[in-house]
Amino acid sequence: MAGPHDGGEAVLEALRNLGVDYIISSPGSEWPPVWEALARQQANETPGPKYINCWHETLAVTMAMGYTRATGRMQAVLLHAGVGLLQGAMGIHGAYISEVPMLVCSGESITYGEDPNFDPGAQWYRGLSVVGGPDRWAQPYVKWSSHVPSPFALYESVTRAGEMAQRVPKGPTFLDIPIEVMTAEWTPRARMGKVAPVPKTEPSPSDVEKVANLLRNSANPVIVTERAGGDPEAYQNLIALAETWAIPVVEAPGPIYANFPKQHPLHQGYTLEPFMEQSDLFLIVGSQAPWYPPGAAPANAQVVVVDEHPIKEHLVYQDLHADLYLEGDPAASLRLLTEAVASKVDAQERMKRWERWQQEHDRQQEARRDAESQAARRNPIDPVTLSAAISDVLGQEAVFVEETITHRPTILKHVEWTQPQQYFHTTGGLGQGLGLALGVKLAMPEKPVVALMGDGSFLYNPVVQSLGVANEAGLPILIVVFNNGKYSAMQQTHQAWYPGGAADANHVFHGVDIPGPDYSGLVKPFGGYGVRVEDPAELKPALANALDAVKGGQTAIVDVVLSV
């Protein structure tokens with residue numbers, strides 16, 4: 001890179017060297033230096049990050065999160081000033097508690113029009129600036145936040161923030177970059193290059209051997225996981241460990257990834273209740289809060305926690321009841337543990353355990369089929385029928401992004417997925433599902449991406465903006481709305497706390513009903529395919545037609561009216 005440029009080039013060069021694929025942005029008036037650098041990159045055919053134009057700050061953040069969760073690669077988000085940062089705050093918080101690395105930047109003016117040689121715009125003086133700086137606002141919900149004081153520190157500040165985001169515990173970092181820093185002249189350093197990859201840590205051999213001995217000597221071990229499948233290598237290594245000693249696997253209290261093949265004989269569902277009394281060893285693999293209430297841990301079992309970062313700063317309260325920690329990269333920890341256990345396995349005992357869990361798995365599958373058979377006879381459409389239809393029509397090839405509450409247990413039980421990176425659940429608040437789905441689609445353009453949304457969850461999302469970005473960026477997704485016309489979780493909580501109370505007796509539930517529109521019609525102004533389904537007989541054809549539309553480049557919404 002020859003000659004001086006301004007700080008926009010410093011930002012872009014730092015992102016290139018961090019290996020960022022996309023700058024995902026809801027643009028603001030402080031970013032022309034970066035837009036100029038991107039235009040120069042395109043004109044000169046220089047390799048570097050591509051730009052994704054978003055219509056909403058939360059959408060920009062959640063798209064970046066979806067892409068990173070699907071690929072493992074950190075992305076950059078540029079937001080507008082303080083108010084833009086606030087708009088994206090929920091998504092940033094979701095990345096923080098999900099431990100998703102992300103570099104988030106916004107700007108400000110530090111001269112407010114008093115520099116006779118530069119006019120940043122009157123909006124910075126009249127209320128857009130933040131007292132104390134926007135990094136003060138970001139600090140509570142990011143891993144680290146700071147301010148870039150001068151153009152001389154700009155390049156290194158961006159690379160440092162990007163590196164920090166990817167270190168354990170991973171998470172979003174925030175940089176406030178003043179306009180005056182970006183518009184100042186910047187001369188590239190003599191020494192710049194690709195940032196070194198983050199090394200992965202491994203647990204000590206002695207700790208691995210301790211846990212291996214506990215597993216070998218356990219009569220009834222069980223593996224509990226919530227997010228091991230975030231790394232496809234860890235997904236495969238978890239299968240290998242479970243198979244080595246025929247250990248049942250439970251995805252509890254609720255997965256945020258596909259962690260284990262559902263059709264596998266060792267997959268034992270989504271509740272720990274049957275294991276609490278009978279199991280003598282709980283191997284907790286990537287689960288931040290496996291017990292609820294927190295004190296309800298097994299009284300007569302040992303607990304081993306396998307995680308690279310088990311103690312979570314974002315949790316106000318956490319009680320893992322761990323007797324031993326195996327800390328390090330989950331994929332490496334599981335591989336080392338498998339090798340240690342496999343060396344001393346009793347083949348006859350392993351076969352007895354395998355047969356036991358095969359029988360239990362078959363029993364659960366039979367119960368699932370019975371429930372689907374009974375639900376199919378009901379009209380209006382039962383959520384079980386919808387989930388089974390989704391599985392039959394879409395399950396073999398789709399990637400699912402799910403944002404529901406009361407329908408989640410049904411989806412987990414009746415929608416099949418068999419591969420890593422085939423299921424993602426939102427974290428940190430409703431309103432992120434569409435952005436997460438678009439980010440996953442950006443990462444997996446060859447896959448049909450299906451967003452499973454409650455009608456209440458759907459309405460928390462920036463719907464118009466998401467449909468617009470899907471159309472503009474060529475990211476068609478299929479949206480299935482589980483439409484029961486209300487916030488069921490609120491009604492259920494009210495009834496649980498006040499059984500037989502005035503609300504229950506008179507059927508008066510404030511804040512529950514959602515008199516929503518025909519959601520399928522919302523996609524039509526964006527050239528999409530929409531259909532509303534009320535008849536169970538029309539369900540599978542509607543899903544199949546929607547899948548064909550998505551494969552043809554259209555975003556599709558299937559609005560399914562449910563009984564509950």
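Q: What makes the crossing of helix 1 and helix 2 right-handed or left-handed?
A: Helix 1 passes helix 2 in a right-handed crossing. The rule: a crossing is left-handed if the near helix is turned anticlockwise from the far one by less than a right angle, and right-handed if clockwise. This is a predicted model, where local features need pLDDT of at least 70 and side-chain atom pairs count only at pLDDT 80 or more, while totals for chains, interfaces and linings use all residues. Residues are numbered from 1 along each chain as its sequence is written, and side-chain values use heavy atoms, with hydrogens and water left out.

Q: Why are helix 1 and helix 2 called oblique to each other?
A: The axes of helix 1 (residues 7-17) and helix 2 (residues 32-43) cross at roughly 60° and come within 7 Å. Axes are lines fitted to C-alpha atoms, for helices over the stretch in contact, and angles run from 0 to 180 degrees between N-to-C directions. Under 35 degrees counts as roughly parallel, over 145 as roughly antiparallel, 65 to 115 as roughly perpendicular and the rest as oblique. Helix 1 and helix 2 are therefore oblique.

Q: Which residues make the contact of helix 1 with helix 2?
A: Helix 1 supplies G8, E9, V11, L12 and R16; helix 2 supplies P33, V34, A37, L38, R40 and Q41. Contact means heavy atoms within 4.5 Å. By class there are six nonpolar, two polar and three charged residues. Here Ala, Val, Leu, Ile, Met, Phe, Trp, Tyr, Cys and Pro count as nonpolar, Asp, Glu, Lys and Arg as charged, and the others, Gly among them, as polar.

Q: Why is the pair of helix 9 and helix 11 called oblique?
A: Their axes come within 9 Å and cross at roughly 55°. Helix 9 and helix 11 are therefore oblique to each other. Their crossing is right-handed. Helix 9 contributes V208, E209, V211, A212, L215 and R216 to the contact, and helix 11 contributes L336, L337, A340 and V341. That gives eight nonpolar, no polar and two charged residues.

Q: What makes helix 10 and helix 12 roughly perpendicular?
A: Helix 10 and helix 12 (residues 347-375) pack at about 110°, with axes 7 Å apart. The pair is therefore roughly perpendicular. E243, T244 and W245 of helix 10 meet E349, R350, R353 and W354 of helix 12. The classes are two nonpolar, one polar and four charged.

Q: How do you know that helix 11 is largely enclosed by the rest of the structure?
A: Ten of its 13 residues are buried, so helix 11 is largely enclosed. Buried means under 20% relative accessible area, exposed over 50%, partly exposed in between (1.4 Å probe, protein chains only). The buried residues include P330, L334 and T338. Their cover includes helix 9 (205-217), helix 10 (232-245) and strand 11 (281-285).

Q: What span is expected of helix 11, and what span does helix 11 reach?
A: The expected span is 1.5 Å times one less than the number of residues. Helix 11 (residues 330-342) has 13 residues and reaches 18 Å from first C-alpha to last, close to the expected 18 Å. Helix 3 (residues 57-71) has 15 residues and reaches 21 Å, close to its expected 21 Å.

Q: Why does Q318 count as partly exposed?
A: Its relative accessibility is 22%, so Q318 counts as partly exposed. Q318 is in the loop between strand 12 and strand 13. Leaving out residues up to four places away in sequence, Q318 touches Q288, P310, I311 and K312.

Q: Is H321 buried or partly exposed, and why?
A: H321 has 30% relative accessibility, so H321 counts as partly exposed. H321 too is placed in the loop between strand 12 and strand 13. Its phi is positive, near 60°, in a residue other than glycine.

Q: Why does Q421 count as buried?
A: Q421 has 9% relative accessibility, so Q421 counts as buried. Q421 has a positive phi of about 60° although it is not a glycine. Its place is in the loop between helix 14 (408-414) and strand 15 (423-425).

How values were computed
Helices (H or I, at least four residues) and strands (E, at least two) are DSSP runs, numbered from the N terminus.
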